[in-house]
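Please walk through this structure with me, one contact at a time.

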Amino acid sequence: MLTFTEELLLLLGDEEGLFLPVKEHAFECALAGAILMDLAFAFRIDTDLQALVVTDPTLTGNPMLDYVLAKIAARKDITDTPAWIRILATEDAVVIREQALDSLVERRILKRQHNRFLGVFRSACYPTLDDRPVQAIKSRIEAVISDDIPDPRDLALICLVDACQILPDLFPEWEAESTDSRLDLLRRMDLIGRELTGTITEIQDRIIRAARAQAERFRKTLLSLAAVGSATVIATLLVPRIGVPDRWGPSLQGLLWFDGFWKQFSGYLLLAFSLAGLTVAVAIKKQLLAWVSGSHRWRLSHIVLGLGCVFILFLHTGFRLGTNLDAVLMGSYLTVLLSGALVGMVVGGAPRLLKQVSLHRIGTARRTLLWVHGLAICLLPALLIVHVLSVYLY
Amino acid sequence: MVQRLMQAVLVVSLLGAVYMIVTMTVAGDRRLLPGGQTTDAHHQLEMACETCHGKSVFAGAEAAEKALNKNCRQCHEDELKAARDSHSRKRFRNPRMAQYWDLLDARRCTSCHIEHRPEITRAGAVTVAMDFCVACHSEGEQDIRTTRASHAGLDFTTCASAGCHNFHDNQALFEDFLLAHAGRPEPVRPAVHALSARYLARPVSADKALGREDAVAPPHALAEPGALDHWVESGHAPAGINCTDCHVPRPARDAPDTEALTHWIDVPQMGVCMECHKPQARTFVLGRHGMRQHPRIAKPRNTDSESGRAVPAWMVRWLRDPTVPAAMTVGEARLPMHADADPSSSLGCSTCHRAHALDMARAAVNACASCHDDAHTRSYFDSPHHALWLREQAGEAPPGSGVSCASCHMPKLEYRGQVRTNHNQNDNLRPNEKMIRSVCLDCHSLGFSLDALADAALIRQNFAGRPRVHVPSIDWAIARSLSNPEPPEN
């Protein structure tokens, strides 16, 4: 029988062997929750509202479960379920994931395949060899969500999938309203269900709380950085350009904005930062640097690079918008930066925005801004090539 | 769909980039490329990049700058020579001047004049700080504050701004010139511009004079209202210039009248005027009104056989260098123009002189004021200069005593013993001290002229009033001559 971790990974995979975009914090917590659920279903641990305790330290035969069981047994000072979720999510999520993938590859359900993006970035994908287990899991979920009386194990799996928020991706044909009401019902059933189901619910609840706490921290940081980015870009448009002193001799402004060497330096630095930002975005999208997209760290690094670009753009231009094609380049570049910063603000401020506008509208705003971001980026290579060549040729 | 749109934008923009690269390297319109406006003088020819830039865009930076400087000199060298350039390239190419090359390399025009940088472009298209004299004249034997007692304590920002010095043309400041004019009284009124008076009194031969009945033109041209009257009253008919002399191209002009009229051109181009008025035409293309016909303006690249990069015929349609328009138009002017002036009106001989009337009085004042709408022009009509002009036109004052726009901006000059009008209206405009020798001294003392030309407010008022600034050049020259009996060194 597959473990919860293995089932969760199978559900996350797509036809190309890549994985559905899941927020890193939710995914790591879901992996930690999955391993605790496996231990709970194996009757090795017990949880209540206050504590998580080892009830049976006997080995299960699964190396990963046994490793986690030993770890919990060894740390008697930590009896808090959310604390264990955090610890396992932080320290062991990668190992849990790799062990589960190895197991799936060994069972010939998945195949491990290595690729190189742009000949540099190494990445692995896991195309499906045998899709029967995936279909079976999906059928179980579909049956429970549709109308069937839930099995505790299915209920637990649904909790994990729900924590990763991938149900709409797995079953796009479902109508959100009916699914949500059914999920609510299932959750209520959990609450009045048997003790084991209660435990699962508690873990799931802990997963969601832990994920939310982490998400909140991420959103605050994202919102702050994005707000600074937006303000700086708008300032670039509104602030009058900084003049050059009319006195003989070297001046910082003169060096920055009219000296050939420093203009080249800041120009190439800007290009490097832009390429780094693009690389991070591609890496997140193509899952090159983190196993899942939506990684906090990479998202934040993307927006920090964007902020760096705004600063270097100031060093390169001193708030000058240019003329002719240079003005188009500047406009496109500022559009990229502003739309990116606004996406950050929408994502970061989503919980607060939800009090005033619907989730649908927030989603539409985010998508629209991302389209603008992408379209403006598409203009940049051509404009940059012409800009650089025209500077050197004339 | 959005992804496809992004791919389409990427592909289309990259194709656009390829097109722009081809325009940069082979042929095509490059007017979208400059990262900054050109200066007022050069904006008329900025579509012909090779006029200033070297022909090979793949030359290294050093070669490209050399080509740029060479092209500067090709157009401006004569002007600098005539101004007895104080900081000539020849002087600074001398190895003994090497110590100054790192301070301000006067061998290169681009040390002080860089195009496409409007933000740091000051008066005279200078792109370095206006106190640039400090670079060389603040230490050693060139420290002007120690070598000239009168200059002790002066700030370098005042060198070029107080009406005293210019980098190239300092003729108005030569000490012997200052001393020669020191204490000389104002000329007796009404003063007369000697060359203008000579020009107006030039004899006209009556032998060749033509009358209405002599006009050779097709019926539709003869029927044009006023054309015949204007021609008879103009200088052309008395000088024996018939209609066919302008309206028929040269080879057919000498044919019998009936045959010549088969080649009739209703609106002849400026080249016809140039056939007889060469000196005027030569100076016209040097000024901003006519510089688009300057022979140094580069030809389109795809017609340039020298380049060896002839564009295949099928591509020419898509890749064609824009040709510089034949004439400047009112709409392209950067100076303030009258709102009701026709923006498409181009500048040729007949713009000011009219095709048949050749009205010199109109060309000298009203033609200018029909387009230019700045404070200096508007104030002219309330100025003492205009009053003198009206008196001369009314016959109340001697010929040459009136002051029109052309009197100052297109002064008369002597060419091979004959008096001609300098049609380069920018010739004596900047620095404005250039006007002193060619114009002002006819009627004013040097001291008054120096002061008046240094007073920007008075210039805006078109000299209606007295100067409120004083340029101490003459005082200092006298003081120096008294303390140093050696002849002044210019």
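In this predicted model, Glu275(B) is partly exposed, with a relative accessible area of 27%. Its side chain forms a salt bridge with Arg250(B), and the closest N and O atoms of the two are 3.2 Å apart. Arg250(B) belongs to helix H11 (residues 250-253) of chain B and Glu275(B) to helix H13 (residues 270-276) of chain B, so this pair ties together parts that are 25 residues apart in sequence. Elsewhere, salt bridges that share partners join Glu62(B), Glu65(B), Asp105(B), Arg107(B) and Arg108(B) into one network. Over all chains, the count of salt bridges comes to 35.

Another of these pairs is found in chain A. Glu7(A) and Arg140(A) meet through their side chains in a salt bridge, at 2.9 Å from N to O. Glu7(A) sits in helix H1 (residues 4-12) of chain A, while Arg140(A) sits in helix H5 (residues 132-146) of chain A, so the bridge ties together parts that are 133 residues apart in sequence. How accessible are the two partners? Glu7(A) has 3% relative accessibility and therefore counts as buried, the cut-off for buried being under 20%. Arg140(A), at 25%, counts as partly exposed.

A further salt bridge joins the side chains of Arg122(B) and Asp246(A), with a distance of 2.9 Å from N to O. This pair crosses between chains. Arg122(B) is in the loop between helix H4 (98-101) and helix H5 (144-147) of chain B, and Asp246(A) is in the loop between helix H9 (195-238) and helix H10 (252-258) of chain A. Arg122(B) counts as buried because its relative accessibility is 19%, whereas Asp246(A) is partly exposed, with a relative accessible area of 37%.

Helix H2 of chain B covers residues 61-82, which makes 22 residues. From its first C-alpha to its last, H2(B) reaches 31 Å, close to the 32 Å expected at 1.5 Å a residue. Where does H2(B) bend? The bend is at His76(B), and its angle is about 60°.

Which residues of H2(B) are buried? Asn69(B), Asn71(B) and Arg73(B) are. The buried residues of H2(B) pack against helix H3 (89-93) of chain B. After H2(B) comes Arg84(B), which has a positive phi, near 50°.

Terms used
Residues are numbered from 1 along each chain as its sequence is written. Chains are lettered from A and ligands numbered from 1 in the order in which they are written. This is a predicted model: local features need pLDDT of at least 70, side-chain atom pairs count only at pLDDT 80 or more; totals for chains, interfaces and linings use all residues. Side-chain values use heavy atoms; hydrogens and water are left out. Helices (H or I, at least four residues) and strands (E, at least two) are DSSP runs, numbered from the N terminus. The expected span of a helix is 1.5 Å times one less than its number of residues. The bend at a residue is the angle between axes fitted to the seven residues ending there and the seven starting there. Buried means under 20% relative accessible area, exposed over 50%, partly exposed in between (1.4 Å probe, protein chains only). Contact means heavy atoms within 4.5 Å. A salt bridge is a side-chain nitrogen of Lys or Arg within 4 Å of a carboxyl oxygen of Asp or Glu.
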